[in-house]
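Please have the sequence and the structure open while I talk, and I will go from the whole chain down to single residues.

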Amino acid sequence: MNLTLNVWRQKNVADKGRFVTYKADDISPDMSFLEMLDVVNERLVKKGEDPIHFDHDCREGICGMCSLYINGRPHGPKRGITTCQLHMRSFHDGETITIEPWRAEAFPVIKDLATDRTAFDRIQEAGGFVSVNTGGIPDANEIPIPKVIADEAFNSATCIQCGACVAACKNASAALFVSAKISQLALLPQGQPERYRRVQAMVAQMDAEGFGSCTNTGACEIECPKGISLTNINRMRRDYFTAKFFKEEEIN
């Protein structure tokens with residue numbers, strides 16, 4: 001395959017940035033998208049040019065690092081996969097592909113296609129944990145949990161923190177990510193003692209990071225590689241209003 005790449009190049013967060021066009025020739029359709037970028041970078045290095053910077057790690061759809069906006073969609077044209085699981089056979093010979101970083105004020109560009117997503121880590125640190133003593137593993141496993149509840153908690157916990165929901169939202173809202181991290185604990189007995197303090201702290205940190213408000217369009221659910229459901233956002237809102245009106249606590 002012979003392709004044309006329009007790649008966003010930006011030296012740092014202060015740089016204005018621009019699109020640069022590259023040729024990607026003799027690309028195997030069996031390559032992953034990241035392998036294709038590896039080939040392009042090898043050729044750039046051989047020519048003495050600066051390679052394209054992008055985030056990647058496990059390349060197995062687990063870590064959530066491969067955050068690329070491809071032809072106007074987070075993670076590319078396929079649903080339910082990350083960029084590292086996207087293969088070049090999803091494109092056509094001679095096609096032009098536009099590659100950008102996540103566009104969000106809370107995700108400042110580090111360089112080129114790599115963005116700083118530590119805002120998600122700070123939201124997690126604000127309350128996405130259980131600090132009460134729930135006993136050892138055998139004790140915790142003895143707590144009866146209905147399967148339908150356990151399954152929903154597990155589905156919420158599959159969020160890989162990639163940020164595709166933010167990139168898909170026209171307001172750059174992190175509501176789907178935050179609600180998934182809240183729900184995975186709010187649904188379980190171990191998460192009940194800190195349930196309302198948790199939602200207040202995590203929502204407050206989300207707002208402090210500069211993420212926008214939820215648009216209710218559902219773009220986040222469609223583009224999420226793990227299919228996180230919008231019902232998590234409803235649960236977060238219900239818990240948040242319950243906390244603010246009836247169970248408000250001091251959060252630092």
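To start with the overall make-up, the chain has nine helices and seven strands, where helices (H or I, at least four residues) and strands (E, at least two) are DSSP runs numbered from the N terminus. Before I go on, please keep in mind that this is a predicted model, in which local features need pLDDT of at least 70 and side-chain atom pairs count only at pLDDT 80 or more, while totals for chains, interfaces and linings use all residues. Residues are numbered from 1 along each chain as its sequence is written, and side-chain values use heavy atoms, with hydrogens and water left out.

Taken along the principal axes, the C-alpha atoms of the chain fill a box of roughly 60 × 35 × 35 Å. Of its 252 residues, 47% count as buried; buried means under 20% relative accessible area, exposed means over 50%, and partly exposed is in between, using a 1.4 Å probe and protein chains only. If we take contact to mean heavy atoms within 4.5 Å, then among contacts between residues at least 6 apart in sequence, 69% join residues at least 24 apart.

Now to the interior. A nonpolar core is a set of buried Ala, Val, Leu, Ile, Met, Phe, Trp, Tyr and Cys residues joined through side-chain atoms within 4.5 Å, and the largest one here has 35 residues, with Phe120, Ile123, Val166, Val178, Phe211 and Met236 making the most contacts inside it. The elements that give two or more residues to this core are helices H2 (118–127), H5 (164–168), H6 (175–186), H7 (195–208) and H9 (231–246), and the largest share, six residues, comes from H6. Apart from this core lies another, of 29 residues, among them Leu37, Ile70, Ile81 and Ile99.

Two packed helices are described by the angle between their axes and the distance between the axes. The axes of H2 and H7 come within 8 Å and cross at roughly 155°, the axes being lines fitted to C-alpha atoms over the stretch in contact, with angles from 0 to 180 degrees between N-to-C directions. How are H2 and H7 oriented, parallel or antiparallel? Angles under 35 degrees count as roughly parallel, over 145 as roughly antiparallel, 65 to 115 as roughly perpendicular and the rest as oblique, so H2 and H7 are roughly antiparallel to each other. Residues making this contact include Arg122 and Ile123 of H2, and Met202 and Gln205 of H7. Ile123 also touches Phe177, Val178 and Phe211, among others, when residues up to four places away in sequence are not counted.

Next, the cysteines. With a disulfide defined as a pair of cysteine sulfur atoms within 2.5 Å, the count comes to zero. For Cys58, the nearest cysteine sulfur, that of Cys63, is 3.6 Å away, and Cys58 is partly exposed at 27% relative accessible area. For Cys220, the nearest is that of Cys214, 6.1 Å away, and Cys220 counts as buried at 12%.

Finally, two loop residues. Ala14 sits in the loop between strand E1 (3–9) and strand E2 (18–24), and Ala14 is exposed, with a relative accessible area of 72%. Arg103, in the loop between strand E5 (96–100) and strand E6 (109–111), is partly exposed at 39%. Arg103 and Ala172 are 69 residues apart in sequence but 7.8 Å apart in space, C-alpha to C-alpha.
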